[in-house]
Amino acid sequence: MSLREILIIPDPLLRRTAQPVPEITDSIRKLGEDMLETMYDAPGIGLAATQIGVMKRVFVMDCAPEGEEPAPMVIVNPELTWVSEETETSEEGCLSIPEVYEEVTRPERVRMRWLGLDGETHEQEFGARWAVCIQHEMDHLDGKLFIDYLGPVKRRMITSKMKKLKKERSRV
Ligand SMILES: [Zn+2]
């Protein structure tokens, strides 16, 4: 396994649309392992392939509460087959937008269909933090970021803050 570099906004790769994965291969399994390792190291609860510059429809997540058994998941070619009418507002953060947390409103529950690393199609309903994480990571696969749900002024402020952060980090 190896750690991958997580891209920080603004980066044009974070705005690209990822392509479906035609089949589960060793390189997809390795990508999933690397992404989980990178996510746990960050630490974070979700990471999309586009965040490490890989334009494939893959994301990883583990929303198990702290102190509970880890529940790592590698999701390939996700699709939402249902979303609830009820919405929920919760604070989100993103490994590509460090130290920024803002409230976003999304459907409270979703049903997702995906391809597992076992090569099988899975479908399951998710709520709570899992539902938020799934929608956030699926947005990444379409080049969308959680700051897109905020107003333009706030979005510009956050983007210039990230430009400064990247400059500082590159000096180290
Ligand atoms: Zn994110």
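Author: The account below goes from the overall fold to the core, and then to the parts around it.

The model is predicted, so local features are described where pLDDT is at least 70 and side-chain atom pairs where it is 80 or more, while totals for chains, interfaces and linings use all residues. Residue numbers start from 1 along each chain, in the order in which its sequence is written.

The protein has three helices and seven strands. Along the sequence they come in the order α-β-β-β-β-β-β-β-α-α. With a radius of gyration of 16 Å, close to the 16 Å that the globule rule gives for 172 residues, the protein is as compact as a globular protein of that length. That radius is taken over C-alpha atoms, and the rule is 2.2 Å times the number of residues to the power 0.38. The C-alpha atoms fill a box of roughly 45 × 40 × 35 Å along the principal axes.

To talk about an inside, a cut-off is needed. A residue is buried if 20 or more other C-beta atoms lie within 10 Å of its own, exposed if 12 or fewer do, and partly exposed in between, with C-beta atoms placed from the backbone. Of the 172 residues in the protein, 28% are buried. Two residues are in contact if their C-beta atoms, placed from the backbone, lie within 7 Å. Take the contacts between residues at least 6 apart in sequence: 63% of them join residues at least 24 apart.

Now the core itself. In soluble globular proteins, nonpolar side chains tend to be buried together. A nonpolar core means a set of buried Ala, Val, Leu, Ile, Met, Phe, Trp, Tyr and Cys residues joined through C-beta atoms within 7 Å. The largest one here has 28 residues, and Met35, Ala49, Phe59, Val60, Ile75 and Ile134 have the most contacts inside it. At least two residues of this core come from each of helix H1 (26-41), strands S1 (46-48), S2 (58-61), S3 (73-83) and S6 (110-115), and helix H2 (128-141). H2 gives the largest share, seven residues. A second, separate core has eight residues, including Leu14, Cys94, Leu145 and Phe146.

H1 is one contributor. This helix has 16 residues and spans 22 Å from first to last C-alpha, close to the 22 Å expected at 1.5 Å a residue. The expected span is 1.5 Å times one less than the number of residues. Leu31, Gly32, Met35, Thr38 and Met39 are its buried residues. Down the axis of H1 these fall within an arc of 135°, so they line one face of the helix; the arc is that of the directions from the axis to the C-beta atoms. An α-helix has 3.6 residues a turn, so residues three or four places apart point the same way. Exposed residues Asp26, Arg29, Lys30 and Asp41 sit on the face of H1 turned away from the buried side. S1, S2 and S3 are among the elements that cover the buried residues of H1. Beyond neighbours within four places in sequence, Met35 is in contact with Leu47, Ala49, Ile52 and Val60.

The strands come next; two strands pair if DSSP finds at least two bridges between them. S2 and S3 pair antiparallel over four bridges, and Phe59 stands opposite Ile75 in S3. S3 is also joined to S6, antiparallel, by five bridges, where Leu80 has Met112 of S6 as its bridge partner. Val58 belongs to S2. This residue is buried, with 28 other C-beta atoms within 10 Å. Residues up to four places away aside, Val58 touches Val21, Ile28, Leu31, Gly32, Ala49, Ile75 and Val76.

Just after H2, Gly143 has a positive phi of about 75°. H3 has 20 residues, and the number buried is one, so H3 lies largely in the open. Glu168, found in H3 (residues 152-171), is exposed, with 9 other C-beta atoms within 10 Å.
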